[in-house]
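Reader: I am new to this structure. Please take me through it feature by feature, with the general idea before each case.

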Amino acid sequence: MCGIIGVVGRSAVNQTLYDGLTVLQHRGQDAAGIITCEGGRLYLRKSNGLVRDVFHTRHMLRLRGNMGIGHVRYPTAGCSSSAEAQPFYVNSPFGISLAHNGNLTNADELKRELFEEDLRHINTSSDSEVLLNVFAHELQALGKLRINAQDIFQAVARVHQRCRGGYAVVAMITGYGIVAFRDPNGIRPLTFGCRQSDEGPECMVASESVAIDAAGFDLIRDVEAGEAVYIDMDGVLHTQQCARHAQTNPCIFEHVYFARPDSIMDGVSVYKARLRMGEKLAQKILRIWPDHDIDVVIPIPDTSRTSGLQMANELGVLYREGFIKNRYIGRTFIMPGQKQRKKSVRQKLNAIDLEFRGKNVMLVDDSIVRGTTSKQIIQMARDAGAKKVYFASAAPPVRFPNVYGIDMPSASELIAHDRTEEEVCEAIGADRLIFQDLDDLVASVRRGNKNITEFDTSVFSGEYVTADVTTQYLYQLELLRADSAKNEREQDNAAIDMQNTD
């Protein structure tokens, strides 16, 4: 999962891009990058690390210009190398920079086409570079020295025809402006907003609406599935549907875990959706366990707080903050390598013994993926003196890998894969385990926008909204995402980074 941003302004946009990336930092902690444009010249800074560590004053001063794009990344393939930090750049045609959130499911096929037919070389293993070169080739194929909005939309339409998977893209075309587009299924999120300055209109695109709000722009709406938004150098906004059979099938896991609660996605408040998840969980408990003996509901910070509070209210039991979070530790779900994840859990959370001692505790989390964190937190609750430890997940069991840009583990590393709910309960050491029903999860999110007929729920159901996800593809993904393969790539990339530093 990544965060993307683009701004066309009337004054320097470097600070706006920086501030926007800090708001989107939760979407990627591995690397960050910004590229700006002034007078036909590009200024780029990108590296591994958090936004605050990548950009110092000397870097910000060099990022000149009234137009730019930015990116925060965590590695979908599980490896971290500064060579794959975004944005990427290609000089022909016009000079195009691109940042991407998502995953192309036909990246290998496209890479062969680009080399054999389009005569383009791909220098990294990132599918974002593949997408950039596809877009660049389609613009170049127009054979024009000067292009307009319709030419850009035509190139995006060709990208949609060639690329499969989930993707939200922001690209800067030197001398023209910024174009942003979303895959024909609208799997990955993308929004845009505008404001009127004294000098004229300014526009911004971002992965989440919270970045637009924080920058002082007025949110216009989400970019529709298959749609392209083009902002020219004068800040004039152009939009067009570029996919023949677009349908909005957003990733429901955004609402479960990734997105900030103060964001609006496809017309749905993430905060309100999580409140409804808590309501549904409580209703399920009252239905299947009416004589429960829960003394207190304690959320696992931060994403489960909203669901946990509403669940406690519905059950009529106490709600308490039993864990204190160290805010200087990253999100364990997106940390590559099992060893690093295990180490970080105890560093990240500390239990308040008084809230656990002698009580039957219901812990609430947004989801259970590998089960590593859940198992350790349950043990922490027992060590703090809890009499019984129950566990509730605001999401259904995660049984299948994600192929559209979330670095879910390989299927064999998902604790619920090929296990019953009772077996998962035993594996994490809980006295009782309650999972959200998939229908209830969908209803919780859909209530905010009834026009969404279908969500991407593949991690729960194994049903993928694109037709190209085969058994062979999932097998190859299993080999790629296994921790052993990730560790090997980490060592290779570390060596490359060291050579580059030398």
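Reader: Which residues of helix α10 are buried?

Author: Start with the terms. Buried means under 20% relative accessible area, exposed means over 50%, and partly exposed lies in between (1.4 Å probe, protein chains only). Helices (H or I, at least four residues) and strands (E, at least two) are DSSP runs, numbered from the N terminus. In α10, residues 305–315, the buried residues are Thr306, Ser307, Gly308, Gln310, Met311, Ala312 and Leu315. This is a predicted model: local features need pLDDT of at least 70, side-chain atom pairs count only at pLDDT 80 or more, and totals for chains, interfaces and linings use all residues. Residues are numbered from 1 along each chain as its sequence is written, and side-chain values use heavy atoms, with hydrogens and water left out.

Reader: What covers the buried residues of α10?

Author: The cover includes helix α9 (270–288). It also includes the strands β16 (296–299), β17 (318–319), β20 (360–365) and β21 (388–393). Just after α10, glycine 316 takes a positive phi of about 75°.

Reader: How do I read the packing of α9 and α10?

Author: Two packed helices are described by the angle between their axes and the distance between the axes. Axes are lines fitted to C-alpha atoms, for helices over the stretch in contact, and angles run from 0 to 180 degrees between N-to-C directions. Here the axes of α9 and α10 come within 7 Å and cross at roughly 40°. That makes α9 oblique to α10. On the scale used, angles under 35 degrees are roughly parallel, over 145 roughly antiparallel, 65 to 115 roughly perpendicular, and the rest oblique.

Reader: Is the crossing of α9 and α10 left-handed or right-handed?

Author: A crossing is left-handed if the near helix is turned anticlockwise from the far one by less than a right angle, and right-handed if clockwise. The crossing of α9 and α10 is right-handed.

Reader: Which residues of α9 and α10 meet?

Author: Contact means heavy atoms within 4.5 Å. From α9, the residues that meet α10 include Tyr271, Arg274, Leu275 and Met277. On the α10 side they are Thr306, Ser307, Gln310, Met311, Glu314 and Leu315.

Reader: Where is tyrosine 271, and what is in contact with it?

Author: Tyrosine 271 is found in α9. At 38% relative accessibility, tyrosine 271 counts as partly exposed. Leave aside its neighbours within four places in sequence, and tyrosine 271 is in contact with Pro261 and Thr306. Glutamate 117 is 154 residues from tyrosine 271 along the chain, and their C-alpha atoms are separated by 47 Å.

Reader: How do α5 and α6 pack?

Author: Helix α5 and helix α6 (residues 149–162) pack at an angle of about 130°, with their axes 9 Å apart. α5 and α6 are therefore oblique to each other. Their crossing is right-handed. Among the α5 residues that meet α6 are Leu131, Val134 and Phe135. The α6 residues there include Ile152, Ala155 and Val159.

Reader: How many aromatic pairs does a search of the whole structure find?

Author: Rings of Phe, Tyr and Trp (its six-membered ring) pair if their centres lie within 6.5 Å; planes under 30 degrees apart count as stacked, over 60 as edge-to-face and the rest as tilted. The search finds 11 pairs. In one of them, phenylalanine 135 and phenylalanine 181 have ring centres 5.9 Å apart and planes at 50°, so the pair is tilted. The pair links distant parts of the chain, 46 residues apart: phenylalanine 135 is in α5 (residues 127–140) and phenylalanine 181 is in strand β8 (residues 177–182). Phenylalanine 135 is buried, at 0% relative accessibility. Phenylalanine 181 is buried, also with 0%. Elsewhere, Phe253, Tyr257, Phe258 and Phe460 form one aromatic cluster.

Reader: Which charged end sits over the ring of tryptophan 289?

Author: A charge sits over a ring if NZ of Lys or CZ of Arg is within 6 Å of the ring centre and within 35 degrees of the ring normal. For tryptophan 289 it is arginine 432, 4.4 Å from the ring centre. Arginine 195 lies over the face of phenylalanine 217, at 4.0 Å from the ring centre.

Reader: Where is the cis peptide bond to proline 87?

Author: That bond runs from glutamine 86 to proline 87, with omega near 10°. Proline 87 is in the loop between β4 (67–73) and β5 (88–90).
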